[in-house]
Amino acid sequence: MAQPIIEFKNVAKQYDDNIVLKSVDLEIEAGKFYTLLGPSGSGKTTILRLIAGFLEATSGDILFEGQRINDLPPEKRRVNTVFQNYALFPNMNVFDNVAFGMSIKGKKKSDIKAKVAEMLTLVKLKGYEDREISELSGGQQQRVAIARALANDPEVLLLDEPLSALDYKLRKDMQYELREIQKRLGITFIFVTHDQEEALAMSDWIFVTNEGEIVQNGTPVDIYDAPINHFVADFIGESNILSGVMRQDYLVSFAGKEFENVDGGMRPNEPVEVVLRPEDLDLVSVDDGKLVVTIDYQSFRGDYYEITAHDDDQNYWKIQATNPAVTGERRGLFFDPEDIHIMRLDESEEDFDARMEEYEDSEEDVQHES
Amino acid sequence: MNRNRTFSYTIPYYLWLGLFVIAPVILLVIQSFGNLSGHFTLNNYATYFSSGTYLRMTFNSVFFAFIVTGITLLISYPMAYIMSRLKHAQFWLLLVILPTWVNLLLKAYAFIGLFSKTGTVNNFLTLIGVGPHQLMFTNLSFLIVAAYIEIPFMIMPIFNSLIELDKSYINAARDLGATSWQTLTKVIFPMSMGGVKAGIQAVFIPTLSLFMITRLIGGNRVITLGTAIEEHFLVTQNWGMGSTIGVILIVAMGLTMFLTRDRKKKGARHGK
């Protein structure tokens, strides 16, 4: 594996008695789109500021291409930031904002002019050089902020919840554009967000943070399909989380019944949590169902119906269906063995990864048998 | 009904404005066109613009106000900047504001105690073997005391504009490669210009018409327009001439406000 461009070794940050980051390790490879995903106060922005150099780590090492950069001031780091509130200088126009970094470094006027034009074309604001910042819409300011950061040819671009102030449609468009820009330039993007949908749509790799720790990292598909614990399962997407018992490998008991599944590597009769995604559940006739549920409530969501139901064991279920259901009706609930995801209580990320690796091969065998 | 009520609430303010702002200014202007016996004349203005004494006095006033404003700005900006960065910023600001609650004359007398032949400063100078010196009634002592009195009025608006400055602008400048000095000169200073202008207005205009300190500390060596007005109204009883100088001062204030107003920049500036 190539040397990571950014590496954290046991990095911690605390203010007086308030610990905001507990001993974080992470590796960032060059040329990928990373996302730090977590609720507010989970430490994701702290990680970003440590990389940018606006904060100093209390302990631990931050490495950039193998060199320790803990004591390097922000202006000497080869990273640039797109700020949440954009932080465009209101006393300068668009050209001067984008040119700021280059004029500080004393580049040639003609070079600056060409680069600014190139950057504004990249963010689709060609010809906006003479506009004042106050004349721009939120979406346009956002683009200027991206152009200003990219004009310095950073190795890594840090984005601190840059889309949170935009409306839904504009946010969607910007997600595609950011991904497009990242692929075109081939540089590393580290994106901070609390919006799981945004993270899943844009990233090559996601770090999920909670309470000052990285609780899980992986590809969007890994994290969605195999959340490590209750927090991740609940935070990423909708989920039904039930407590259950792992009878033996590939056999789990929950909601008063036993089900065949594809997970293993746990002690016999170990208490676990069971995750079932609402979109993996199908409403069928009572006879075909693995469980019988009574429909409580449904709401129309445009592209699907969200149905709430309860089973005979009084567990509540969220189900996504394309067809409406009838409130009060008893229906069968069907799901496949591979739709059941098992989470051990308090499993570390290393153990989790090792177990996943071991049972990934056997998972395929089970699927062939069934 | 409702409109009537709103109108009745505004009456006190209009009354105040009319009686204490507009009427006095009108009276001042009328007065300035009257001679000693109260007849209409343009002589006051003619005298003002043709007399070397008045023009020198005007020049003195503007010159000293300019220097005092410059000194206060030089001291106040770094001070406000450092204060805004300190942990208990509001407490330090309170310490700066405190002296403004003390009467101006008391402060002037305190300086007489410090600067007189047998005062604290001269005692100290004698002790280290370089004194005593004549400190009172010099231009220097006038500048020191005037600057001392005006400093809080310069610090307050600058401090406020610095405190309100979003820290992410500073982070952004550093992030884009600016050193702390470049960040100060290219981002922080231009963005706190509003506070600097407000400070200049708050210092320059009152300093133009300072008169008590010119007499007590400056020993009337520095004669400003303020002193001239006092003389005309209280000593020579030439109200017409005093009013004329008053009008000139009002015009000077208007001019200062105009020069330091908030200008909305327009048009292309790049490729300069």
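Between chain B and chain A, about 2,400 Å² of area is buried, and carbon and sulfur atoms give 53% of it. Buried area here is the accessible area, taken with a 1.4 Å probe, that two parts lose on being put together, summed over both. The model is predicted, so local features need pLDDT of at least 70, side-chain atom pairs count only at pLDDT 80 or more, and totals for chains, interfaces and linings use all residues. Residues are numbered from 1 along each chain as its sequence is written, chains are lettered from A and ligands numbered from 1 in the order in which they are written, and side-chain values use heavy atoms, leaving out hydrogens and water.

I will stay with the interface for a moment. Chain B puts 26 residues into the contact and chain A puts in 33, where contact means heavy atoms within 4.5 Å. How many salt bridges does the rule find across the interface of chain B and chain A? It finds one, a salt bridge being a side-chain nitrogen of Lys or Arg within 4 Å of a carboxyl oxygen of Asp or Glu. The partners are R174(B) and E75(A), whose side chains meet at 2.7 Å, N to O. On the chain B side that touches chain A, α8 (167-175) and α9 (180-191) each supply at least two residues. The largest share of that side, seven residues, comes from α8(B). Helices are DSSP runs (H or I, at least four residues), strands likewise (E, at least two), numbered from the N terminus. By class, the chain B side has nine nonpolar, eight polar and nine charged residues. Ala, Val, Leu, Ile, Met, Phe, Trp, Tyr, Cys and Pro count as nonpolar, Asp, Glu, Lys and Arg as charged, and the others, Gly among them, as polar.

Next, chain B on its own. Helix α3 (residues 52-85) and helix α12 (residues 225-235) of chain B pack at about 130 degrees, with axes 8 Å apart. Axes are lines fitted to C-alpha atoms, for helices over the stretch in contact, and angles run from 0 to 180 degrees between N-to-C directions. α3(B) and α12(B) are therefore oblique to each other; under 35 degrees is roughly parallel, over 145 roughly antiparallel, 65 to 115 roughly perpendicular, and the rest oblique. Y54(B), M57(B), T58(B) and S61(B) of α3(B) meet L225(B), A228(B) and H232(B) of α12(B).

Last, chain A. E161(A) and K44(A) form a salt bridge, their closest N and O atoms 3.6 Å apart. E161(A) lies in the loop between β7 (156-160) and α5 (168-185), K44(A) in helix α1 (residues 44-52), 117 residues apart. E161(A) also has a positive phi of about 40 degrees, although it is not a glycine.
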